[in-house]
Structure formats: C-alpha cells, structure tokens
Amino acid sequence: MDQNSIDSNLLARYVAGEANALQRAQVEAWVRMDAGNAQELDRWQRIWSYSVAGFEAQAAEERAWAQGAEAERRAWAIGAEAEAQARLMEDLAWAKVQGHIAEAEGQGRVIPLNRVRWQRWAAAAAIVGGVLLAARWFIQPRADHYASAGEVLEARLKDSSSVTLSPASSIEARMGRTRAINLEGEAYFDVRRDEARPFVIAAGDVQVTVLGTAFTVSAYDTADIVEVRVRSGRVHVEAGMDTLTLSAGQHARYRKSRHVLERAPAPPAEVWGWRIIHFDRAPLDEVARQLERIYKVDVVFTNPRLARCTLTAEFDDEPIEAILGVIADTFSLTLTRNGNSYALDGEGC
C-alpha cells in the first residue's frame, strides 16, 4: 500500500465507526506512516462530525418540522372541530331564530312580554273604547231640526217643551240625558221641568242651562250682542269664564266683540214668543209701536198727549181689539176702527 494512499471508503467507514478491526488497523497503520495522513484523517473526522452535526441538525429540523406539522395538524383538527362546533351552535341558534321568526310571522311581531301585555291592554282598551263610541253613536238621540224663514214658527219638542222661533232662526235639538239645543237666531223657550235632564242651549259663545222655565235667547249672527231674557223661573248663563244666574224679569247681554257678559236692564216693553206682550210702565207710544209690529195694524192717538201715558200690563196672545179695549178702559179713552187702523182719543196724561 502506498503510504500516502488509502481507500476513501475505508476512511469513511472508519470515521463513521462502521469499520471492523482489520479495517481500523489498516487506517491506523496508514496514519502512522505519514504526518500528512494523520492530518487527512483528522479532516475526515471533522467533516464527519460536521456531517453528523448537520445530520443531527437536519434530523432535529425534521423532527421539529414533523412536530410542527403534527401541531399544525392537531391545530387544524382542533380548529376544524371548533369550527364544526361553532357551525353547530350557529345552526342551533339559527334554528331558534327561524323558529321565532316563524312564530312571529304567525302571531305578529316578536316583542318583549311586558310590551305584549301592554299592547294587549291598549288594544283591548281601544276595542272597548271603539265599542263604547259606537254604542254612544248608535244610542245618542237623533237631532231634530226646526227653522223659520220669514214667519214666526211655533214647535213642540219631544220633551213637550215648546219653542217659538223668530223669523230667520233655527234650532237643532237632541233630547237625550241632556236636552241639548243649538240655536241660531232668536227663540222663546217654554221648558218643561225635568230635573234629571237639564235643558242646555248653545248660542255661539253663550250657553244657557235651565231645568224648567220660560225665557228668550237672541243670538243672531249679524248682531254683536247675544241677549238672554227670563220671563219665569231661573236660568244659568255662561260665556267664557263669566257666569250669571238670572231670575224672572232679568236680562243679560254678552258682547261678542269685547267678550263681556253683563246684566242689562229690562226694557219697558217685551214680547215673548208669538204674542205674549209685557209692558212695565211703558209709554203708550211704545205700546202702539209694539202692537203695530206684531199685529200689522196702525194705532194712532188723536190727542198727542196720550203718548206720555204709561202702561203696565201683560197680554198672552190676545186679539188686538181686546188689548186696545183694555188700554181704552184703563185711560178712559174712546176706541174707533177703520179697517186695519185703530184710533184712541181722550184727555191724555
């Protein structure tokens, strides 16, 4: 064997620890033959050690990779399981939601129980309220309408009260638990007493409440004044925040432009209804004008001084001849007639 040559496979088996005794003896003999051989063996051993280290590092890397792969696989497995669990929970949750939706579609919106109860109560209240309103609408009395054009109109209401409408006047009457009247124009009321059912007249801003009495309300739209005159009994008058109670012979006026309700003095001559005429120390010339207006006649005084005489009397739908006869007797006058013209003559007052 050349002292500088040796089989590389033998060296490799030697450094790898796989050479047998004979092979190891051959290599060791070769190393002793030359210092360079010893250095060569040393290089082979370093290379081997590097290789081993590399192999070990690679092996460690491979183990690490394998471990990482295993960890990843497990992680994927865990993730997949978690995902599956999540999907299962999601499916369950979605199933519940679909159940609620289906239930809601069948019964209405899904809302909290308290709100459901509240809305049920509200719905029940609305239904009851609707029923009551409907019942009230059906039960409430129907309105009766009365209107006069150019003549006085007398009518009897369902409660047996009577009303006399002046020309160009109308009323709407509902005879229920409250006898409610809406008035436009002027009317004289003779109300049948019924303490259980007040008689209430609405005339614009003015309301008149009575139980049983006779009175007149004048409330023409074209006039600034609403007037209430009481012939008998008592009435309660309201206008805004103002109230008045009137007795027989008393008057009240409500001025629309000022929104003021106040008492007013009674005039010397008043007419109630169709032909109820009341004079209270009324001068005869005023008496004559009222009789001419009501009976469509002429009344003249032969002696002008008669106009200063005053009359206190009341006539309830008396003929004109009867009224003039009373006046003639009261003042010792003579009465003559010429068609629709009546003449009174005497010394005067």
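This report describes helix contacts, strand pairing and nonpolar cores in a predicted model.

## Helices H1 and H2

Helix H1 covers residues 8-16 and helix H2 covers residues 21-33. Their axes come within 10 Å and cross at roughly 105°, which makes H1 roughly perpendicular to H2. On the H1 side the residues that meet H2 are Leu10, Leu11, Arg13 and Tyr14. H2 brings Gln23, Arg24, Gln26, Val27, Glu28 and Trp30. Sorted by class, the contact of H1 with H2 holds five nonpolar, two polar and three charged residues.

Strand E4 spans residues 169-175, and its side chains alternate between two faces. Ser169, Ile171, Ala173 and Met175 point to one face and are buried.

E4 pairs with strand E1 (residues 144-148) through five bridges, and the two run antiparallel. In this pairing aspartate 144 stands opposite alanine 173 of E4. E4 also pairs with strand E5 (residues 179-190), again antiparallel, through six bridges. Here isoleucine 171 stands opposite leucine 183 in E5. The link from E4 to E5 is a hairpin of three residues.

Leaving aside residues up to four places away in sequence, aspartate 194 touches Arg179 and Leu211. Aspartate 159 is 35 residues away along the chain, and the C-alpha atoms of aspartate 159 and aspartate 194 are separated by 8.9 Å.

## Two nonpolar cores

The largest nonpolar core has 33 residues. Phe189, Val208, Phe215 and Val217 have the most contacts inside this core. E5 gives the most to the core, with four residues. Another core, of 28 residues, lies apart from the largest one and includes Ala282, Ile323, Ile327 and Phe331. In soluble globular proteins, nonpolar side chains tend to be buried together.

Valine 217 has contacts of its own to list. Not counting residues up to four places away in sequence, valine 217 touches residues including Leu183, Gly185, Ala187, Ile201, Val208 and Val228. Glu186 and Glu227 are also among the residues that valine 217 touches.

## Helices H5 and H6

Helix H5 (residues 284-295) and helix H6 (residues 320-331) have axes that come within 11 Å and cross at roughly 170°. The two helices are therefore roughly antiparallel to each other. H5 makes the contact with Leu284, Val287, Leu291 and Tyr295. H6 makes it with Ile320, Ile323, Leu324, Ile327 and Phe331. The residues of this contact are nine nonpolar, no polar and no charged.

Three strands form an open sheet in the order E16-E19-E18, with mixed pairing. Strand E16 (298-301) and strand E18 (334-338) are the edge strands, each pairing on one side only. Ignoring direction, neighbouring strands of this sheet are turned by 20° against each other on average.

E18 and strand E19 (residues 341-345) run antiparallel and are joined by five bridges. Leucine 335 stands opposite leucine 344 in E19. H6 lies across E16, E18 and E19, running at about 10° to E19.

How values were computed
Residues numbered from 1 in each chain as written. Predicted model: local features only at pLDDT ≥ 70, side-chain atom pairs only at ≥ 80, totals over all residues. Heavy atoms only, no water. Axes fitted to C-alpha atoms, helices over the stretch in contact; angles between N-to-C directions. Parallel < 35°, antiparallel > 145°, perpendicular 65-115°, else oblique. Contact = heavy atoms within 4.5 Å. Nonpolar A, V, L, I, M, F, W, Y, C, P; charged D, E, K, R; others polar. Buried < 20%, exposed > 50% of the residue type's maximum accessible area, 1.4 Å probe, protein only. Pairing = 2+ DSSP bridges. Core = buried A, V, L, I, M, F, W, Y, C linked by side-chain atoms within 4.5 Å.
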